[in-house]
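Here is a short briefing to read alongside the chain you are about to see.

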Amino acid sequence: MKDNTKELNHLAVIMDGNGRWATEKGLDRTNGHAAGEHSLSRTIDWSIKNKILWLTVYAFSTENWLRSIEEVEYLMFFNRDILLRRREEFNEKGVRFRFLGNLEDNKIPEENKCLMIETEELTKSNNILNLLSYLLIIVLLALPQMGQATGFPFREYFVNGRFFILFFGMLAN
């Protein structure tokens, strides 16, 4: 991929395909979600190293509610567990968390909602990296339209046969 980090201020990532990746390797889908945590952590570290100010992660879409009850429960527990295990680490790195989407949805466990509020409060003065985590969004199939709708300039890339869009821009504090 061409190195555009000098002009890159905002990177948006759709976390998709972890379960399929695991299934293709003969593993449980949950192994794919665990691998996704590692990928997200590497993306956060890369963003910090390259002085990216904004990282948007589309983490849980409305489509995810259609998965098996067991997988949805696993994802809710897993997300809670990540916050409990890793938020201090990310706080020390200067990451500011913001959770966006329909956080009032009664399907989201109350404990998760409380942890999200606590994490936002804990990290509110951090300014090294702003991590926006979208929950309960509808995944857009026409990804370039997302860039046009937000007003951020964007570039499309194919890396190892996979499609990526990098957004360039700055959100207001």
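This is a predicted model: local features need pLDDT of at least 70, side-chain atom pairs count only at pLDDT 80 or more; totals for chains, interfaces and linings use all residues.

Angles under 35 degrees between axes count as roughly parallel. The protein chain has 5 helices and 6 strands, and 40% of its 173 residues count as buried.

**How α2 and α3 pack**

- Two packed helices are described by the angle between their axes and the distance between the axes.
- For helix α2 (residues 29–49) and helix α3 (residues 69–92), the axes come within 11 Å and cross at roughly 30°.
- That angle falls under 35 degrees, so α2 and α3 are roughly parallel to each other.
- The handedness of the α2 and α3 crossing is right-handed.
- On the α2 side, the residues in this contact are R29, T30, H33, A34, E37, S41 and I44.
- On the α3 side, they meet E71, Y74, L75, F78, I82, R85, R86, E89 and F90.
- Sorted by class, the contact of α2 with α3 holds 7 nonpolar, 3 polar and 6 charged residues.

**The largest nonpolar core**

- In soluble globular proteins, nonpolar side chains tend to be buried together.
- Here the largest nonpolar core has 21 residues, and those touching the most other members are I44, L55, W65, L83, V95, F97 and L131.
- At least two residues of this core come from each of β2, α3, β3 (95–101), α4 (110–123) and β4 (129–137).
- Helix α3 provides the largest share of this core, with 5 residues.
- I44 belongs to this core and is also one of the α2 residues that meet α3.
- Which residues does L83 contact, leaving aside its neighbours within four places in sequence? They are F97, F99, L115, M116 and T119.

**A loop residue to look at**

- K51 sits in the loop between α2 and β2 (54–61).
- Although K51 is not a glycine, its phi is positive, at about 60°.
- Is K51 buried or exposed? K51 has 64% relative accessibility and therefore counts as exposed.

**Overall layout**

- Starting from the N terminus, the elements follow the order β-α-α-β-α-β-α-β-α-β-β.
- Among contacts in the protein chain with a separation of 6 or more, 69% are between residues 24 or more positions apart.

Note on methods:
Residues are numbered from 1 along each chain as its sequence is written. Side-chain values use heavy atoms; hydrogens and water are left out. Axes are lines fitted to C-alpha atoms, for helices over the stretch in contact, and angles run from 0 to 180 degrees between N-to-C directions. Helices (H or I, at least four residues) and strands (E, at least two) are DSSP runs, numbered from the N terminus. Angles under 35 degrees count as roughly parallel, over 145 as roughly antiparallel, 65 to 115 as roughly perpendicular and the rest as oblique. A crossing is left-handed if the near helix is turned anticlockwise from the far one by less than a right angle, and right-handed if clockwise. Contact means heavy atoms within 4.5 Å. Ala, Val, Leu, Ile, Met, Phe, Trp, Tyr, Cys and Pro count as nonpolar, Asp, Glu, Lys and Arg as charged, and the others, Gly among them, as polar. Buried means under 20% relative accessible area, exposed over 50%, partly exposed in between (1.4 Å probe, protein chains only). A nonpolar core is a set of buried Ala, Val, Leu, Ile, Met, Phe, Trp, Tyr and Cys residues joined through side-chain atoms within 4.5 Å.
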